[in-house]
Amino acid sequence: MVTLLNLVESLETGLVDDKLTSQRDSLKSLVSRLKLLSIDQVQELEVDHLVTFFTSRLAIADPEVSSHLLDGFLWLVQAVRTDGHHLVTPTQAVHICRHGLFANLVVQSLTKSARLRVFKVLHTMLHGHQLSGLQSMGSEFVSAYVQAIDGEKDPENLILIFQMNLIVMRHFPIDHVKEDFFEVMSVYFPVDFSPPPDVIGARITRSSLAEGLHHCLFTSRSFSGPYLLPLLCEKADSDLIQAQFDSLALLADCLHGCLQSVSNGTNSNVIDSRGPSIPFHHLSSYLVLVAPMLANLINKTKSRKVMSLTTACLTGLVHSYATQVSDAHHLRDFAIVLFKAFGVYLDRDSLVERNDIDVHSPVSLSVRTVSALLEVVRSARTHQLLCGILMDYLVPYFGSPLFTWSQTGTLTLPAYLKQVLTALATFPPDYLPYFGCRYSLFRSRCSYYGSPVLSPYVDLLFHTGTPKTDEIEMNLDSLDKLHCNLSNIVLELHRTVTLEAHTSELRDRETSSVPLAIVLVGLSIRLYSVRRQLANTLDVDGLFLATETLGHLVGLWEQLGLTPSVDSDMSISEDLGVVVSRLYSMNCLRVVDKLNEMLLAQIEGKHPNNWRRRAYVWFKKFGDQHYYNRSTVSKTLSGEVKPC
């Protein structure tokens with residue numbers, strides 16, 4: 001059997017010949033016959049001598065010689081014995097790089113095929129057990145590697161480079177070249193590549209290149225924030241739709257710390273796609289750049305995909321701050337910058353400075369903006385402090401027009417309020433303690449919008465106390481005007497939902513106005529209670545009418561086929577529970593009788609068990625003391641629906 005030693009001895013004359021042609025022929029013969037050897041018979045000392053010989057011959061500035069030598073290196077690093085051990089040790093891998101590839105070659109001056117061999121050699125060692133040897137080179141390897149890949153344009157080589165970049169960023173110190181390292185990756189972003197038209201079934205596509213680069217830049221987020229964020233904002237603002245897709249997808253993933261926006265997850269070389277977001281100290285410095293860019297896209301884009309990716313970026317901002325920041329001051333700064341980017345100015349000084357009331361009014365905000373802001377709040381639900389701060393600003397901002405809007409105002413107000421109230425209704429009660437200054441902000445905005453006299457009633461609406469006597473005597477008329485305006489809103493909504501009952505297209509939980517109407521009727525009933533405290537009188541006729549309206553709304557809710565039957569609808573039941581409790585607590589016999597009649601209708605009706613059960617619980621909790629024939633309820637249930 002021919003050994004490596006026998007093979008070298010047979011070619012010795014040509015390998016050391018001064019004639020270049022002889023060396024070419026001998027090297028070509030050596031490499032081709034190496035592949036025929038039994039790898040298990042090759043000794044480590046023989047490999048050591050062969051590595052030393054190959055690295056020394058790389059100094060010969062001849063493309064053909066270099067090509068044969070690179071083929072030899074590739075065979076060496078890829079060769080594996082039957083016991084699983086690689087032929088080339090980590091120490092020998094260091095020698096190949098330090099004294100061969102990096103010392104004797106200017107990689108970017110080589111031909112395309114030669115560069116491909118260089119990158120295959122490096123790729124094999126970085127993904128094999130030789131990695132530990134290369135790591136011992138530390139910053140020396142990184143600097144030489146960056147120089148070797150800088151300026152590469154061939155798509156096949158770039159696929160290998162993108163995969164190697166992931167290993168280098170994870171396992172090597174790059175602080176000393178982090179800006180250069182980012183530059184050699186970002187120069188390709190966004191990828192602009194089309195396979196040659198004459199190539200059928202091309203292995204390299206734009207998608208594969210874009211995905212590889214996406215993974216690289218995503219992995220770089222821990223150090224590249226100051227360079228990456230301005231780049232993404234610039235490209236996202238481009239007129240090229242593909243640039244917008246790539247930029248927003250990458251930004252969303254970097255903010256969430258999770259690869260989820262790329263179209264294909266087929267890259268097996270991605271070791272770990274989850275991790276932290278862009279560091280807070282980087283993100284906070286560029287928030288004033290990122291937030292306006294996202295707000296601009298929300299309002300101007302006509303692409304659903306761009307809209308979806310932009311929303312993902314917004315929730316990513318929330319995730320980034322929620323997972324990295326616990327200081328309330330930083331979280332409030334985040335909320336203010338974000339809201340200002342969307343035209344929501346939260347303090348009086350900003351309003352005066354802008355001198356433009358319309359832009360600050362929720363009525364002037366687009367439906368897209370309102371939806372985006374609500375999605376921001378929804379995404380913060382797992383972080384009580386941040387969620388509380390966001391709500392702390394948005395509740396007063398969106399709620400203040402309720403106290404100034406009249407029937408002569410714009411009729412688009414209920415539309416956005418439906419969005420707001422529907423979203424806020426899903427938040428658990430235990431979040432309320434985190435809405436630190438909701439009352440003062442609500443009162444200050446009511447004052448700014450021209451209703452300073454309503455501030456004490458805001459306190460009453462939120463159960464924060466009783467106004468002073470002099471305020472009561474002075475502001476009773478204002479309360480009546482407020483209640484009149486609210487009644488007009490309820491009247492308009494009642495007409496709307498009545499029409500919905502006859503329009504099949506509107507039988508949708510997301511588009512129905514019934515939940516909003518129920519909430520506003522509840523607010524109206526609360527105002528009857530407030531007025532009773534202030535003037536010690538109760539408008540029984542008005543309260544009875546409100547109760548009838550409530551009953552009609554519940555009936556329409558059922559008629560539309562939207563009777564609560566799943567957890568996502570329970571907020572409506574909870575709203576009704578609050579209203580029922582309020583009505584019973586007012587101890588008005590006429591109203592109580594009407595309410596008992598309504599609840600019995602719910603229990604007797606052919607509704608889902610959980611809906612009937614809830615009506616029974618309300619009746620049992622609030623109506624027992626007012627209703628003289630409990631046996632009617634028990635017989636009606638007939639064992640089918642058991643009390644909770």
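Visitor: What do the buried residues of α9 pack against?

Guide: They pack against α6, α7 (112-126), α8 (131-136), α10 (155-171) and α11 (178-186). Helices here are DSSP runs of H or I with at least four residues, numbered from the N terminus. This is a predicted model, where local features need pLDDT of at least 70 and side-chain atom pairs count only at pLDDT 80 or more, while totals for chains, interfaces and linings use all residues. Residues are numbered from 1 along each chain as its sequence is written, and side-chain values use heavy atoms, leaving out hydrogens and water.

Visitor: Why are α6 and α9 called roughly parallel?

Guide: Helix α6 (residues 90-104) and helix α9 (residues 139-149) pack at an angle of about 20 degrees, with axes 11 Å apart. Angles under 35 degrees count as roughly parallel, so α6 and α9 are roughly parallel to each other.

Visitor: Which residues make that contact?

Guide: Contact means heavy atoms within 4.5 Å. From α6 come Cys97, Arg98 and Phe102, and from α9 come Glu140, Phe141, Ala144, Tyr145 and Ala148. These divide into 6 nonpolar, no polar and 2 charged; Ala, Val, Leu, Ile, Met, Phe, Trp, Tyr, Cys and Pro count as nonpolar, Asp, Glu, Lys and Arg as charged, and the others, Gly among them, as polar.

Visitor: What makes Leu390 count as buried?

Guide: Buried means under 20% relative accessible area (1.4 Å probe, protein chains only). Leu390 has 0% relative accessibility, so Leu390 counts as buried. Leu390 is found in helix α21 (residues 384-399). Leaving aside neighbours within four places in sequence, Leu390 is in contact with Ala335, Phe339, Val376, Val377 and Ala380.

Methods. Axes fitted to C-alpha atoms, helices over the stretch in contact; angles between N-to-C directions. Helix = DSSP H or I, 4+ residues; strand = E, 2+ residues; numbered from the N terminus. Parallel < 35°, antiparallel > 145°, perpendicular 65-115°, else oblique. Buried < 20%, exposed > 50% of the residue type's maximum accessible area, 1.4 Å probe, protein only.
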